[in-house]
Amino acid sequence: MTRIGFIGVGEIASAMVEGLADSEAKPDFQFFLSPRNAERAAKLADSIESATVCQSNQDVIDRSDLIVLAVLPQQTDAVLNDLDIPAEKTLVSAVAGISTTTLENRLPHSPTIVRVIPLPAVRERKGVTAVYPANDAVEGLLSHLGGSVTAADETMFSTLSAVTATMSAHFAFLQTITAWLVDRGWDQADADHFIRGQFVGLGTTLAQTDEPIDNLVAAHETPGGLNEMLNNEWMNEANRSSLASALDAVFDRVTKSD
């Protein structure tokens with residue numbers, strides 16, 4: 001039985017618990033939840049037999065082998081200052097922008113520290129989670145949530161952190177397309193419905209093939225066709241450069257916060 005504690009029971013922690021509890025390995029897991037978000041923790045415990053809401057964060061530490069830290073960056077110091085984490089424990093930090101060195105300086109007993117970037121799709125066990133440094137136990141756990149990729153160093157880990165900032169921009173892209181339809185007379189609900197149907201199929205393609213993304217671009221356009229036309233008109237060199245510059249700025253922010 002793997003005993004997994006969660007300090008901070010927000011959206012990502014909940015997604016991890018629900019994904020693991022619905023995986024083929026669920027009999028192997030026991031979950032101990034922080035009381036920090038009492039309503040969400042209680043809801044998880046009510047729906048998942050193997051989940052227990054603990055009396056305190058230290059109670060989570062004491063009852064778990066592996067502890068997922070999932071609080072806001074600005075809360076990290078206050079939370080860790082009140083905890084005693086023994087050397088034999090593993091702390092899995094899902095806190096953005098807090099380096100392993102910073103965490104080590106706040107943990108005097110030197111537990112094992114692993115950073116991760118879980119995404120919401122782990123709830124459906126389809127999320128690929130960034131990991132640093134390599135750790136067999138953590139990577140094994142993540143294999144039940146969609147798998148993982150392990151960064152060679154913390155700088156490489158931060159590049160993956162940077163690209164996770166593109167999610168709302170992806171939806172803003174769809175929002176702009178939908179607004180174009182509305183401007184030309186379509187009802188908002190019908191426009192939304194059509195665009196959802198168009199792009200959910202592309203998500204399925206991504207999920208069901210290991211084909212390189214470069215190849216998927218080519219597979220969805222024909223020479224001289226409409227897809228090629230829009231791709232060339234919109235994703236031109238200037239826009240590609242603008243996107244790369246925005247990612248550079250996010251990367252700089254992530255690494256400076258580290």
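Select glycine 5 and look across to strand 4, where isoleucine 67 stands opposite. The model on screen is a predicted one.

Now select strand 4, residues 66-69. Which way do its side chains point? Leu66 and Val68 point one way, Ile67 and Leu69 the other way, and all are buried.

From valine 68, move to valine 92, its bridge partner in strand 5. Strand 5 covers residues 90-93 and pairs with strand 4 in the parallel sense, over four bridges.

Select residues 2-7, which are strand 1, and show strand 2 with them; the two pair in the parallel sense over five bridges. To find the pairing on screen, pick threonine 2, which stands opposite phenylalanine 29 in strand 2. Between these strands comes residues 11-21, helix 1, and the three elements make a right-handed β-α-β unit.

Is strand 2 mostly covered or mostly open? Strand 2, residues 29-33, is mostly covered, with four of its five residues buried.

Next, pick phenylalanine 31 and look for alanine 51, which stands opposite in strand 3. Strand 3 takes in residues 51-53 and runs parallel to strand 2, with three bridges joining them. Show residues 38-47, which are helix 2, and another right-handed β-α-β unit is in view, made of strand 2, helix 2 and strand 3.

**Salt bridges**

How many salt bridges does the count come to? The count comes to eight salt bridges; three stops follow.

Start with arginine 40 and glutamate 11, which form a salt bridge with their closest N and O atoms 3.4 Å apart. Arginine 40 is in helix 2 and glutamate 11 in helix 1, so this pair ties together parts that are 29 residues apart in sequence. Arginine 40 is partly exposed, at a relative accessible area of 30%. Glutamate 11 also counts as partly exposed, with 39% relative accessibility.

Next select arginine 123 and glutamate 18, whose side chains meet in a salt bridge at 2.4 Å, N to O. What does this pair tie together? Arginine 123 lies in the loop between strand 6 (112-117) and strand 7 (129-132), while glutamate 18 is in helix 1, so parts 105 residues apart in sequence are tied together. Relative accessibility is 22% for arginine 123, which counts as partly exposed. Glutamate 18 counts as partly exposed too, at 29%.

Then go to aspartate 77 and arginine 106, a salt bridge whose closest N and O atoms are 2.2 Å apart. Aspartate 77 belongs to helix 4 (residues 76-81), and arginine 106 to the loop between helix 5 (100-105) and strand 6, so the pair ties together parts that are 29 residues apart in sequence. Aspartate 77 is partly exposed, with a relative accessible area of 35%, and arginine 106 is partly exposed at 28%.

To finish this stop, select Glu11, Glu18, Arg40 and Arg123 together: salt bridges that share partners join them into one network.

**The second largest pocket**

Clear the selection and pick Ala94, Val95, Ala96, Ile117 and Ser161. Of the 27 residues that line the second largest pocket, these lie nearest its centre. Which elements give two or more residues to the lining? They are helix 1, strand 6, helix 7 (154-163) and helix 12 (237-257). Helix 12 supplies the largest share, four residues.

The volume of this second largest pocket is about 630 Å³. Colour its lining by residue class to see 19 nonpolar, five polar and three charged residues.

Definitions and conventions: Residues are numbered from 1 along each chain as its sequence is written. This is a predicted model: local features need pLDDT of at least 70, side-chain atom pairs count only at pLDDT 80 or more; totals for chains, interfaces and linings use all residues. Side-chain values use heavy atoms; hydrogens and water are left out. Buried means under 20% relative accessible area, exposed over 50%, partly exposed in between (1.4 Å probe, protein chains only). Two strands pair if DSSP finds at least two bridges between them. A crossover is right-handed if, with the strands pointing away from the viewer, the path from the first strand over the helix to the second runs clockwise. A salt bridge is a side-chain nitrogen of Lys or Arg within 4 Å of a carboxyl oxygen of Asp or Glu. On a 1 Å grid over the protein atoms alone, a cavity is a set of points where a 1.4 Å probe fits but cannot get out, and a pocket is an open set with protein on both sides within 12 Å along at least five of seven lines; lining residues have an atom within 4 Å of a point. Grid points are joined across faces, edges and corners, and a volume is the space filled by probe spheres set on the points. Ala, Val, Leu, Ile, Met, Phe, Trp, Tyr, Cys and Pro count as nonpolar, Asp, Glu, Lys and Arg as charged, and the others, Gly among them, as polar.
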